[in-house]
Amino acid sequence: MKLVIVAALLSVAYSLKCHTCISSSLTDDATKAIVATYNLKACDATGTSGDCDSALDACFTTTLKYTYGEDKKAGVFTSKGCGKKDKSLVNWNCAALKASLTQQKTITQGECKDVYCSAKDDKENVDNCNADSGSSTIFYSLSLLLAVVFYHL
């Protein structure tokens, strides 16, 4: 039983959190409708942080430059989420975002950039490294772990 408690606390201590959202710099109704199809919060909204699946080991921030419409308005899509350090296609990173927008005939895609981060890359910003610090979660989890260990000694 002790081993199960310690394992559970360790899994909490090492679960990665990332912001998950999508936004566009253009705010016209047509662009808002495209962004709404992703069913994610806007990146400037509150409550965008969430736990990543155990198979995902990094957070990412993607920026995709594009032009839109007949008048070629320039915009930037920004998406954030849980990803993989090997940069494979997942959760609206460059590859996934570009693929999803190919059916939008009024959008001309430009440069796309993924930036990945993880706990091992940045000791100060473990959770939500694609936005802000969440190191208090790790501190709290490790404190619980130490309390359980010393309680059973």
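**Core and sheet, questioned**

Colleague: What makes the set of 12 residues a nonpolar core?

Modeller: The largest nonpolar core consists of Ile22, Leu26, Ile34, Val35, Tyr38, Leu64, Tyr66, Tyr68, Phe77, Leu97, Leu101 and Ile107. The name applies because such a core is a set of buried Ala, Val, Leu, Ile, Met, Phe, Trp, Tyr and Cys residues joined through side-chain atoms within 4.5 Å; buried means under 20% relative accessible area (1.4 Å probe, protein chains only). This is a predicted model, in which local features need pLDDT of at least 70 and side-chain atom pairs count only at pLDDT 80 or more, while totals for chains, interfaces and linings use all residues. Side-chain values use heavy atoms, without hydrogens and water, and residues are numbered from 1 along each chain as its sequence is written.

Colleague: Which residues does leucine 101 contact, leaving aside its neighbours within four places in sequence?

Modeller: Ile34, Tyr38, Leu64, Phe77, Ile107 and Gln109, contact meaning heavy atoms within 4.5 Å.

Colleague: Why are β2 (21-24) and β6 (107-117) called edge strands?

Modeller: The open sheet has four strands in the order β2-β5-β4-β6, paired antiparallel. Two strands pair if DSSP finds at least two bridges between them. β2 and β6 each pair on one side only. For β6, the antiparallel pairing with β4 runs over nine bridges, and tyrosine 116 in β6 stands opposite phenylalanine 60.

Note on methods: Buried means under 20% relative accessible area, exposed over 50%, partly exposed in between (1.4 Å probe, protein chains only). Helices (H or I, at least four residues) and strands (E, at least two) are DSSP runs, numbered from the N terminus.
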